[in-house]
Amino acid sequence: MSSTSTRVTGGVEDRATYALSNGSDHATDRLVALDHFLDPVTTSVLDRLRVQPGDRCLEIGPGSGSIAWDLAGRVGPTGEVVAVDLDPSRLTPAGNLHIYRHDIRDGLPVGGPYNVIHARLVLVHLPERRQVLRMLADALAPGGWLVIGDFGDTTMPVYTSPSASDTDLYTRVVQGVQRVLEGHGVDMAWADDTHAAMRDAGLRNVDVVEHAESWTGGSTGIRMHQANTRQTQDELLQHGITAADLDRFRELMEHPDFAARSYRFVCTRGQRPPL
Ligand SMILES: C[S@@+](CC[C@H](N)C(=O)[O-])C[C@H]1O[C@@H](n2cnc3c(N)ncnc32)[C@H](O)[C@@H]1O
C-alpha cells in the first residue's frame, strides 16, 4: 500500500510557516548537505536501538528520505515505515515505505503503536514542539524508542578566515539567518531541552549524542549556508544584510582559507518503558 494524505493544516492560518520549503530550487543543496553531515550520526544512533525485521517506524519530516529508506531496509518487507512531511515530493512510495503529505501538528495520519519514531530538524521549527513530542511519545509501543535530532546552538565559531572583516560578515549573516528562522518559529535552545521534555513525557533511558565538525569553504557541509541564505534572501535583506554582503558571503563559502564550526547537532533518544 502507498498512501498520500492531502490534508494540510485545516485552516489554521496563524501557525508559523516553515521557512525552508522542499519545493524551493535551493532545497536540494541543503538536503544533500544535511544527509552528508548527519546520516552517519543518525544511523549510528539507530544501530543502538536494535531495530528488528517486522518493526513499525514513523519518520517525521523525511526531507530527501535517506533515513526513511534506511529504516525501511532495517524493518524489511514484514515491517513498515510511515513517512509524514508537509512536502514529501522528494520521496517515492515503495514496498514497505508509505508516504503522507501531512502537517504533524494535526496529529498522526496513521496511528501507532510504533517501535521507532524519528524526527530530525523538524521539532526545532515548530512552536508546538512540546505537544508534538508528547503525542509522539504516546504513539510508541512499550519498549519503543523516540529519536529527535535538532541543531542546538547560536554560536558558530570561525576557525580561519581571509580577513577579520570576513569573519564579522560571516557572523552577521549566520545570525541574520537565525533571526529570520526565529521569526518562523525556530527555537535553537530547544535541542538542549529535549532530554527533559522526553523525561516529562514519561520516557526513560534518555540519552544524548552530539556532533559538530569543521566546515571549510567549498565543502559539502558549508553549502547548507549557501542554500539557506538563498532561500531566506528576501527576509535577510529586511534584517540589515545587504546584497553586497550576500555576494561576499557566497564567495567566502567557497574560499579555501575559510573554515568554521558546523552547527552543533544534538540527537536525543528516549524509550517508552517496556510492559
Ligand atoms: C530541515 S528539513 C529536514 C529533513 C530531514 N529530516 C533531514 O534531517 O535531512 C525539515 C523537514 O520537515 C518537514 N516539515 C516541516 N514542518 C513540518 C510539519 N509541521 N509537519 C510535517 N513535516 C514538516 C519539511 O518539509 C522538511 O522535509
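Modeller: What follows is a look at one helix, then at the cysteines and one serine. The model is predicted, so local features need pLDDT of at least 70 and side-chain atom pairs count only at pLDDT 80 or more, while totals for chains, interfaces and linings use all residues. Residues are numbered from 1 along each chain as its sequence is written, and side-chain values use heavy atoms, leaving out hydrogens and water.

Helix α4 covers residues 164–183. Helices (H or I, at least four residues) and strands (E, at least two) are DSSP runs, numbered from the N terminus. From first C-alpha to last, the 20 residues of α4 reach 29 Å, close to the 28 Å expected at 1.5 Å a residue; the expected span is 1.5 Å times one less than the number of residues. The buried residues of α4 include Asp-166, Leu-169, Tyr-170, Val-173 and Val-177. Buried means under 20% relative accessible area, exposed over 50%, and partly exposed in between (1.4 Å probe, protein chains only). An α-helix has 3.6 residues a turn, so residues three or four places apart point the same way. The buried residues of α4 pack against β6 (158–160), α6 (223–231), α7 (233–236), α8 (243–252) and β9 (259–261), where contact means heavy atoms within 4.5 Å. After α4 comes Gly-185, with a positive phi near 105°.

As for the cysteines, the whole structure has 0 disulfides, a disulfide being a pair of cysteine sulfur atoms within 2.5 Å. For Cys-57, the nearest cysteine sulfur belongs to Cys-267, 14 Å away, which is too far for a bond. Cys-57 is buried at 0%, and Cys-267 is buried at 2%.

Ser-44 lies in helix α1 (residues 27–47) and is partly exposed, at 35% relative accessibility.
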